[in-house]
Amino acid sequence: MSAEPAPALALDRASVALGGRTIVDGVSFAVGAGEWVTLIGPNGAGKTTLMRAIAGLVPHEGRIELHGEEHRRLGRRGLARRVAVVPQSPVLPAGMAVSDYVLLGRTPYVSYFGRESRRDVAAAAEAIARLDLDGLADRQLGTLSGGERQRAVLARAIAQEAPLLLLDEPTSALDAGRQQEALELIDALRLDAGLTVFGAMHDLTLAGQYASRLLLLSGGRIVAQGPPAEVLTEPLIAEHYGARVRVVEGGAVIPVRG
Amino acid sequence: MSSRLWLPGAAVFLVAALLTGALIGPVHIGLGEALESLGAKLPLLHVHSPLSPVDESILWDIRVPRVVLGALVGAMLALAGASYQGVFRNPLADPYLLGVAAGAGLGATIAVAYLPHGTDYQKILPPAAFVGAAVAVVVAYAIGRTTGGSSAGATLVLAGVTVASFFTAIQTFIQQQHSDTFQEVYSWILGRLPSSGWSDVTLLLPYVCVAAAGILLHRRLLDVLSVGDEEAASLGVHVGRVRLVIVVCATVGTAGAVAVSGLIGFVGIIVPHAIRLVAGPSYRLLLPLSVMVGAGFLVLTDVIARTALSPAELPIGVVTAFFGAPFFAIVLRTSRRMFA
């Protein structure tokens, strides 16, 4: 037994090629258990593809490990028990009740022809309570507001009871208040349940505020990583985003004109 | 209405439809007589049938097999429609989506055109149609699969449309060359339930049982698929595998139904959608309800088809659309539920 626990997520020269084109190019990094690490980078840098590779939705070269276990050996269900995905634009069947939707998070624990056990129903109910959705449990997804939908999607991911939460632009559809609310909620869940959070975000200020470390992905490679203050610098952002910004005291990234 | 009452409600509807189908016809047979006759068929009851041998034969050799066949076909089409709509997440998907109808039509046309005159078409049409339907879907699947990807469902639907047009073109060409086949094939295409006793029932029953069991066992997974291929995969489901199994089941059952009864349209679309509109989108409830309501719906439609212009018979496909469409329009207008 090694003295040091294996990281929640570790990539070793992981690459993804889609349609003959290399999108993610030999990426190596590790995320410790309980950490919140955020992936930033311009459009087309390969953020979503990297997330999809970790979720097992596209094949990869190189190694990806989850708590020391080889990604490829886990199988679909095994992977789904270890990684819960909150997609950028989730598909929400309009007529489905919130409680039924959250129960879908238990899919990796239900046998092929089986049905949910009492344990599964209890886990879903717990996730609903944890995200303050009790009053909305019987409502149809189509009748929810944007913030409520986001909470329903998070509840489904929490019901999955996976140690790693994968967030792909989780707040891009929300207003400023709901964004903060959702990110605070995710942070509280992380601390309560000891989750590890790995996410991709566009808003650099929010990315810096909620993550303990940032990874800057550009052209499929990691070009900078470290605490937010070391990655969110004017020269790095100018070089990789082609954006003129000012980084002010406290880590806020402000676009400037001219 | 509470969701727990839907299943018993649908069962009552089905039983009422079956009784209506068995009792209505040119020869009057009362409910009491029919039930006593049924009792006489059961062991240990020591009931004597009050019916004359002729009425007995009308009930058990003509009406009941036709009612049972209608129930099997209706249940299968509704169930196949619901499951196609689920695996392709397309509300317009019907049981004929992947070329079943065009393939069956081509198979039937080839049989009528190229087999020697005097062949018993009643005997030869079902297997010919079944083989045509199966070939069409296999070709569609082969095309849709090789070009598949993350939008595999949509690709498959397009492949089905392609195969259907190609097969229909060949069928039309053969019909042009053999205009004498037109009458035979046309009446089959309009759909009808044959009154040929129990042989069609025994022919179709195994297909429907296997297909229905296979589909119903996947009802929870169909709910998972409703969040899309990618999210279902991230929940641990092998989406392609599940879709293949359900498509195979639905296709085998539909091909069997088409082989014995021709192309009965509309049932596979309106029955599942009407149920969705009133009982919600969950496949756990939708699939068993589709079986019962689809069966009852087709039996009642057949009663109209054979009584409206009695002694002539309307093609049942015409009746399903003529009465089904307005009914569905009413459900659509009065329901505030959204489509899933």
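Modeller: Happy to! B:V299 sits in helix α13 (residues 283–307) of chain B; helices (H or I, at least four residues) and strands (E, at least two) are DSSP runs, numbered from the N terminus. This is a predicted model, in which local features need pLDDT of at least 70 and side-chain atom pairs count only at pLDDT 80 or more, while totals for chains, interfaces and linings use all residues. Residues are numbered from 1 along each chain as its sequence is written, and chains are lettered from A and ligands numbered from 1 in the order in which they are written.

B:V299 counts as buried because 27 other C-beta atoms lie within 10 Å; the cut-offs are 20 or more for buried, 12 or fewer for exposed and partly exposed in between, with C-beta atoms placed from the backbone. Leaving out residues up to four places away in sequence, B:V299 touches B:A17, B:L18, B:G21, B:V67, B:G70, B:A71 and B:G74, where contact means C-beta atoms, placed from the backbone, within 7 Å. The C-alpha atom of B:V299 is 8.6 Å from that of B:R66, although 233 residues separate the two along the chain.

Now to the largest nonpolar core, which has 184 residues; such a core is a set of buried Ala, Val, Leu, Ile, Met, Phe, Trp, Tyr and Cys residues joined through C-beta atoms within 7 Å. Its largest share, 18 residues, comes from helix α3 (residues 53–88) of chain B. The residues with the most contacts inside the core, though, are A:V83 and A:L166. Beyond neighbours within four places in sequence, A:L166 contacts A:M51, A:I54, A:A55, A:V83, A:A84, A:V85, A:V86 and A:F198.

Strand β6(A) runs parallel to strand β7 (residues 164–168) of chain A, with four bridges between them; pairing requires at least two DSSP bridges. A:V83 has A:L164 as its bridge partner in β7(A).

Finally, the contact between the chains takes 21 residues from chain B and 21 residues from chain A. On the chain B side, α9 (219–225) and α10 (229–234) each supply at least two residues, and α10(B) gives the most, with four residues.

Definitions and conventions
Two residues are in contact if their C-beta atoms, placed from the backbone, lie within 7 Å.
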